[in-house]
Amino acid sequence: MISPSFRKGMLKERVMDLASQTTILPLLFGCLGIFSLFRLLQRIRSKAYLRNAVVVVTGATSGLGRECAKVFHAAGAKLVLCGRNVKALEELSRELAGSSQGQTHQPFVVTFDLADPGTIAAAAAEILQCFGYVDVLINNAGISYRGTISDTIVDVDRKVMEINYFGPVALTKALLPSMVERKQGHIVAISSIQGKISIPFRSAYSASKHATQAFFDCLRAEMEEANIKVTVISPGYIHTNLSVNAVTADGSRYGALDKNTAQGRSAAEVAQDVFDAVGKKKKDVLLTDFVPSMAVYIRTLAPGLFFRIMASRARKERKSKSS
């Protein structure tokens, strides 16, 4: 027979459970609502920051650059599309103008080659003539590399460094004075996870991205007093033709889509992340999965382990190529 005191205890426990549920669930939904509202406000602020802003995108005709152009244009930015292929740039400009919804602007086109240092000063002057100033410079153009260090000719190292490092640095320096004069501007460098860690058979590419990270980190510190924002974005693998167009040890085109690249994130997704990072004025953004992100910390906290992992990767890659 159940005693009255036991029944009273059971009833009290049920009441407590019910009270906790009726308290926790509204609290949980309330927190989710506040978080969603916070994200919405951040998105609105990002769009407000970039609406009518003059945004320069290099490497705009393909891959991530093309998707960035679409995202920023849809947000109402005034675009200056840069690249080597004038026909492709003009086609993209017409495509964006034709897809306009709401208040958007006709993009301008500036053609030049980052691999040719002699063209960059004139290109910067032409860029400034489009709208009279630049709010955001997105240094996106680049080239990848596949090969062994021992087989790679030095001209290939120089080419990769010229396109990935010296070109963006020269363009940044050419546009920087106008930003400093206005005490307003935002410089974005599309780097790579390989600017933070190095993997085998990517030496020239990784070296160029390490240099990029270092340069723009220095620039951020030096430009803080001038109110110039600097964002370095380091994606992992993106499903683009970057590996197809990569240069090899002898300077020839790689011409193949790597498995990791094929399984990478879509360029459209990464472009949206770039837009969000710029809108939130983030300083350094790592856009990778869990394992590559952990590798960055392992390289710092347990370098010996990292070196063994990379040596093992090199052995496996050599074995797969020889089989």
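This briefing covers three residues, Ser192, Tyr205 and Asn140, in a predicted model. Local features need pLDDT of at least 70 and side-chain atom pairs count only at pLDDT 80 or more, while totals for chains, interfaces and linings use all residues. Residues are numbered from 1 along each chain as its sequence is written, and side-chain values use heavy atoms, with hydrogens and water left out.

**Annotations**

**Ser192**
- Ser192 sits in the loop between β6 (185-190) and α6 (203-223); helices (H or I, at least four residues) and strands (E, at least two) are DSSP runs, numbered from the N terminus.
- Ser192 has a relative accessible area of 5% and is buried (under 20%; exposed is over 50%, partly exposed in between; 1.4 Å probe, protein chains only).
- Leaving aside neighbours within four places in sequence, Ser192 is in contact (heavy atoms within 4.5 Å) with Tyr205, Lys209, Ile233, Ser234 and Pro235.
- The Ser192 side chain reaches the backbone nitrogen of Gln194 at 3.0 Å.

**Tyr205**
- Tyr205 lies in helix α6 and counts as buried at 7% relative accessibility.
- Beyond four places in sequence, the contacts of Tyr205 include Ser192, Gln194, Tyr145 and Asn164.

**Asn140**
- Asn140 is found in the loop between β4 (136-139) and β5 (145-146), and is buried with a relative accessible area of 13%.
- Not counting residues up to four places away in sequence, Asn140 touches Thr58, Gly59, Leu64, Gly65 and Ile190.

How values were computed. Polar contact = N/O pair within 3.5 Å; in protein donor to acceptor, adjacent residues only side chain to side chain.
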